[in-house]
Amino acid sequence: MTRLRPLLKPPPAAVPEPAPAGSRIQRIRDALADVLWWNSAYQPADPERAAETLHGRLLLSGASLLSFTVGVLSVAAGLTHLRIAALLVFCLIGIGSAPWALDTRMRLTTRMAMTTLVSFSVLTFVATFMLSLGRWHPALAFTLVSLICVPLHWIGFRRAVVERRDARPAVDLTPLRDGTWNDVVDRLRLREFSALYCAVAGAVLCMYAALRHRHIVDPGVYGYLTHVGPAWYLGLALIVVAIVIAPRADERVMAAVVLLLVVAVLLTPSLVYDAPRQPSATKHVDLVQQIRHAHHLDALVLVYNGWAGMFAAMAWLCDITGIREPMGLATFWPPLIGFFKVLALRYFAGKVLPTAYQAWIAVILGVLADTIGADYFSPQSVGYVIGLVAFGLALSHRRSVQRTLLLVSAGLLISVTHQLSPYIVGGALVILVVFRQIRPWWTPVTVLGPAAAWALLHWSQVKGFINLHDIGSSQNFHPPKTAGAVGLVRQPIVGETVHALMLGVGLIGLIGGLAVLRNRRTGAVWAYACCPAVGLVVVAVNPYGNEGIFRAILFALPWLSVLAARMFTSKRRLLPRIPLLAVMATMTATFLVAAFGLDDINVVRWSDLNTLRYFQTVGYSNSPANAYYVLQLGAGDLPASIPTRTNSHRPLKIEDLQDAQAANVDLPPATRMRILTSRLITYSGEPASQARIYTIWSPVSSEYGYDYGVETPAEFAELRDAFAAAPYWSIAKDLDGTVLFKFEPARYPVPTP
């Protein structure tokens, strides 16, 4: 029996033979392992460069995956605010950084600039494509984009985790000795990060002061600067000091300090005010809402219909994130676009300056000198940022198909977003080609080509803005003017804001001029010095509604900043830092005055906005010829909507009546009221018995007239009282000082023949 036992055992299970190394199953298994990163044998092609970019890749992919997950879960749970925050991060950072998640060689400055370009490109191109087809499917489009971005981030994140695990250094567990203060300082690295601690303390003070002074309704002259208190100024001073004492060798500290400066000066107004700081932002919000609800644009100003890239992108972004009222997005747009402007400026400056320290100085100068006000919720804010990225790409010494495609993407993005920006950007590239700073010679075509093609496709919408008689006219360089009344003078704040703007721009221009003289034998310096003139050439051709001069100054600032930054070296001695401290203090002061000095007439007031929205709800006409008109009494800008060709509500200003008597503020209030009524009835094209006309009186117009010497607040109040006393005008709405008057045709006296 013992001998038979082996025979009675069941036969062993058949063991499958291993598949050959080159079999299909093995190849699929290896591919899945590479995609999902199941094995731990991954090694980057360039370990040294991968170690430098490890933390940036890990942070970007990890944050993108986390924000996407939190956003999707928030949608399911109905957590609106968490959904907005999470999906904003994914849309603006995660989508743009996905194509570079597997690139272990790309440095962080380049990676963030390319993230900016790709994020805005995807948002704009996909939304514009849906808008042009008339098929608005935001959820489906976002799902398709996510199916590409999320796997890329997952692979990049897993690879970065393994790289970090393999390169993890030993932890120093030596206990802190009870030694001298120098031992504590060395262990905590207080000397290395003293500037960072100083800037963080300053930012905390600024945010604390801002949060304590929220909901400012009537900013007054100098805006929130007279409300926030001394703690805010102390915090800002600490950040300026941190810039001066920042270590020259550690770019991380300099980057953090600059970003905290942007937070202090740009996030504060978004916190203390409850609305945007530019009335034009509300018009753009209305265009975004029109796309979301009607899935097309039909603005009466046809140029908005052809260059709807930014509006379509923001409409898709609002649908993805669940933002119901884009006015909140418009309120916080300056700090948001300011963040991307810092990234683009750093990338651009790094291509033309020898050290990272000088590049960050150029970023600071470019931020503090920019008081043009183009950073509000507008297409030009996006065009400016992408233009900076295009400059950096063109100046890159690496020539590849990828660089060309990115340049074409930047050119197309600017072309479908803003009418003027691509020509200024392309003109600067032409100058750089002439000075042999960029190659190949056809690089400017990547920007000018899409701009010209897009303009030709929409020639019928833009031809009305082109006048051959304007070419070379000196009037093109004059900013818009407001004529004052006889015997009245403008308030000092108007001149102070202009002088502060010119002082800030002139200061970096002067420092940049000294840099040109010092490096006069360098061809690149002369190329950068000629680039600011491109904007002036474009303005000489087209004044852009007498606002072209501001766009010319705006696009001159980056070049002036990189020239001026050459004068600041990275020496560690104290004496070379004194000029930098003086420049930073001066630029900060000019920025505050020029940017916020006229907030009393710039900040949108909800009383004006809600009153004008109420006007849009009254009555309806099937024919635009039988429209409802609302006349703004007084000068300045109110948050009126851009009328559509099929809409029956039309906002007007007194100058639209084209009548000298109607604009005469020296007439008695009752006489002005009668003249305005008569001219408005005539403008409507309807008999008095059928006229559908309104007028609006706003405190903003009162302050505007006082600041610019048009009329005193008392005189403007008398005009309001004259309308209130007239029997044929009634008060349709009175909200926090803003009064909407309605014309009563039955009470209007019929003129006798």
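Modeller: A disulfide is a pair of cysteine sulfur atoms within 2.5 Å. By this rule the model, which is a predicted one, has zero disulfides. Cys91 is in no such pair, and the nearest cysteine sulfur to its own belongs to Cys149, 9.4 Å away. Buried means under 20% relative accessible area. Cys91 has a relative accessibility of 0%, so Cys91 counts as buried. Cys206 also has 0% relative accessibility and therefore counts as buried.

Searching the whole structure gives five cavities of 30 Å³ or more. The largest cavity holds about 90 Å³ of space. Its lining is made of 13 residues, and those closest to the centre are Leu612, Phe615, Gln616, Ala640 and Ser641. Two elements, α28 (606–617) and β2 (649–653), each give two or more residues to this lining. Helix α28 has the largest share, with five residues. Sorted by class, the lining of the largest cavity has eight nonpolar residues, four polar ones and one charged one.

The second largest cavity has a volume of about 70 Å³. The residues that line this second cavity are Ile337, Lys341, Asp370, Ala374, Asp375, Gln380, Ser381, Tyr384, Val385 and Leu554. Here the elements giving two or more residues are α15 (333–352) and α17 (379–395). Of the elements, α17 gives the most, namely four residues. By class, the lining of the second largest cavity divides into five nonpolar, two polar and three charged residues.

Helix α3 covers residues 47–77, which is 31 residues. At 1.5 Å a residue, α3 should span 45 Å, and its end C-alpha atoms are 42 Å apart, so the two values agree. Along the way, α3 bends by about 50° at Thr53. Just after α3 comes Gly78, which takes a positive phi of about 75°.

Note on methods
Residues are numbered from 1 along each chain as its sequence is written. This is a predicted model: local features need pLDDT of at least 70, side-chain atom pairs count only at pLDDT 80 or more; totals for chains, interfaces and linings use all residues. Side-chain values use heavy atoms; hydrogens and water are left out. The expected span of a helix is 1.5 Å times one less than its number of residues. The bend at a residue is the angle between axes fitted to the seven residues ending there and the seven starting there. On a 1 Å grid over the protein atoms alone, a cavity is a set of points where a 1.4 Å probe fits but cannot get out, and a pocket is an open set with protein on both sides within 12 Å along at least five of seven lines; lining residues have an atom within 4 Å of a point. Grid points are joined across faces, edges and corners, and a volume is the space filled by probe spheres set on the points. Ala, Val, Leu, Ile, Met, Phe, Trp, Tyr, Cys and Pro count as nonpolar, Asp, Glu, Lys and Arg as charged, and the others, Gly among them, as polar. Buried means under 20% relative accessible area, exposed over 50%, partly exposed in between (1.4 Å probe, protein chains only).
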